[in-house]
Amino acid sequence: MPYKFLPDVALADVAFEAKAGTVGGLFEACATAMSDTMVDLSTVEKRTTKRISLASPDLDRLLYDFLTELIIVKDVDSLLFCEFEVEVSPGGTSLEASVRGEAIDREKHVLRNDVKAVTMHMFGVKRDGPDWVATVVLDI
Amino acid sequence: MAQIDSFRKLTDVSWEIPTSYKQGMLVPAKLYATRKLLEGMDSGVIEQVTNVACLPGIVRQAYAMADAHWGYGFPIGGVAAFEPETGVISPGGIGFDVNCGMRLIRTNLRYSEVKPKVKELVDLMFKLVPAGVGVKGFLRVNEPQFDEIMTYGVKWCAENGQAWEDDPSHVEEGGFIKGAEPAKVSRQARSRGIDQLGTLGSGNHYLEIQVVDPARFFDAELGRHFGIVHPDQVLVMVHCGSRGFGHQVASDYLRVFDGAMKRYGFAVRDRELACAPFSSKEGKDYYGAMVCAANMAFTNRQIIVQQVRQAFSRVFHRDPESMDMHLIYDVCHNIAKVERHTYDGRSADLLVHRKGATRSFGPGHPDIPSPYRSIGQPVIIGGSMETGSYLLVGTQKAMEETFGSTAHGSGRTMSRTAAKRAVRGAELQQKMMERGIYVKAATMDGLAEEAGMAYKDISEVVATMDEAGISKKVVALRPVGNIKG
């Protein structure tokens, strides 16, 4: 799994570290980890595709904005996603994403914690040898 | 905690950390805790409360209450007051869930009448008060109405058939904080919040049927003021906040403040402690938006109470008035407000941040509704879903020591993962049932994460605040039916 949860970082909340060989892959791993916090991903089918385009001042903010956008879509459109394809621009300041999932169904989905927000605590994207690594703490 | 020896012990339940503890501290920090609670506090609390003591314009002391634990920026259980002209406002001093708070309504029902109906009541309330991931409420409002809710909170409810006549006056600030600026709220925040009125949320939020614990009815005379007269009287408690609306307001402005810090030349000790001068454009904009979220939260809890009244009415085939389902009080515990306080021999307006802390105004304060003015403001402290909760009153000593503030709850001591490892949701549900608590949860994982063992002992927290004299115990309430978001 390209992400692992960090149970001791924030007692009341959920923290994870994601790792991938590309920036796009890193964003996909972070989005998957966040969805995994909200729902058992094996219960979500790919029935709807949503396209997301974003631009932000730097790579950190771009990831923050992308995850925040997914939280907004969850509340506004009642959609949860299980598959993410993300292309980040070479400068790391914009992205095009295609995300797949379906409308929240309380009978069908094994729901977990609602995510309130992405926090700035320990938040950041960095290089680790050939990989890209991000640490994210979600407010629950 | 290794540093305790460097703290100055003031009493058995209060400690001071001097400004020499950390470079940049403008005022000392004060902790309310027994030695045992202090030893159990995570070291993050000390780091954070002393960071708060470094913020520009802070007045007198930075406080950590007996339930303090690590939070983002400020500790949860933290209080800090700032001089409005020179001081700052910080989203980290309020929390993502703006105006998360507690609401308590009474009934005139005895537990013997309610006991056979608890399951039916909880099951119906679970339908009428949506809980969990991505839920929408039953109350539909349009954009202009949502603007009015942001501005007038429970007053809007009273004018639109969603409140009883005496509800607004029994809410902190009369049900709405002045100074809302809907124009400062983002489109995204509006979209997240407009359909969420009357929803419980997730995490540690709950709706609970409770019974007076006769062995811990500490002050029957004070209880009478709140209409609590029987040793087995049934009450209902609500714990929730401004839902996605407030979370988005916090996220939006955290981003704004993250950039503003550098412009104002503030040292960034922690990105979550982002702040801006209260008198700056960023500070004023955030305050205007944050007040909108606070008023939305008051409204959210009000709509939930309307649904609770309906549930009781349907189950008992009586109108809610005949069951005396009046609001005892509604308190904020994640908020910043301008309040007038007397300190160091002068009276002045201050911006008081309470993050995981409750207002605790003492007897005689003009902001307390008239039925309670002579005894002090009701303070509602919520425990875990297994251990019960408390009703207290504010004191004059709180006015003198903590800008009229006290603790808010019990505080986690165990991570969500560790709690899930220790107990399964279904097993916990069964065990609680055996102890006479019927619980219905939006998720079984979420239920396990909120197990009582994951929290501090609320009784010790409450006893500490009572001994410190900054709130006074009235009655303990034990859960018999619980809805977990």
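A pocket is an open set of grid points, on a 1 Å grid over the protein atoms alone, with protein on both sides within 12 Å along at least five of seven lines. In this predicted model, the second largest pocket has a volume of about 380 Å³, and the largest has one of about 780 Å³. The structure also holds 58 salt bridges over all chains.

**Pockets**

- The largest pocket is lined by 46 residues, and those nearest its centre include A:Ala12, B:His69 and B:His408.
- Its lining comprises 17 nonpolar, 17 polar and 12 charged residues.
- Eighteen residues line the second largest pocket, with A:Arg106, A:Glu107, B:Phe126, B:Ala131 and B:Ala442 nearest its centre.
- By class, the lining of the second largest pocket has nine nonpolar, three polar and six charged residues.

**Salt bridges**

- In chain A, A:Asp128 and A:Lys19 form a salt bridge, their closest N and O atoms being 3.8 Å apart.
- This pair links distant parts of the chain, with A:Asp128 in strand β7 and A:Lys19 in strand β2, 109 residues apart.
- B:Asp5 and B:Arg35 meet in a salt bridge at 3.8 Å, N to O.
- B:Asp5 lies in the segment before β1 of chain B and B:Arg35 in helix α1, so the pair ties together parts 30 residues apart in sequence.
- B:Asp5 is exposed at 68% relative accessibility, whereas B:Arg35 is partly exposed at 40%.
- B:Lys397 forms a salt bridge with B:Glu401, with 3.6 Å between the closest N and O atoms.
- These two residues are separated by about one helical turn because they stand four residues apart in helix α10 of chain B.
- B:Lys397 is partly exposed at 36% relative accessibility, while B:Glu401 is buried at 19%.
- A network of salt bridges links B:Glu172, B:Glu173, B:Lys337, B:Glu339, B:Arg354 and B:Arg359.

Terms used
Residues numbered from 1 in each chain as written. Chains lettered and ligands numbered in written order. Predicted model: local features only at pLDDT ≥ 70, side-chain atom pairs only at ≥ 80, totals over all residues. Heavy atoms only, no water. 1 Å grid on protein atoms, 1.4 Å probe; cavity = no way out; pocket = protein on both sides within 12 Å on 5 of 7 lines; lining within 4 Å. Points joined across faces, edges and corners; volume = space filled by probe spheres on them. Nonpolar A, V, L, I, M, F, W, Y, C, P; charged D, E, K, R; others polar. Salt bridge = Lys/Arg side-chain N within 4 Å of Asp/Glu carboxyl O. Buried < 20%, exposed > 50% of the residue type's maximum accessible area, 1.4 Å probe, protein only.
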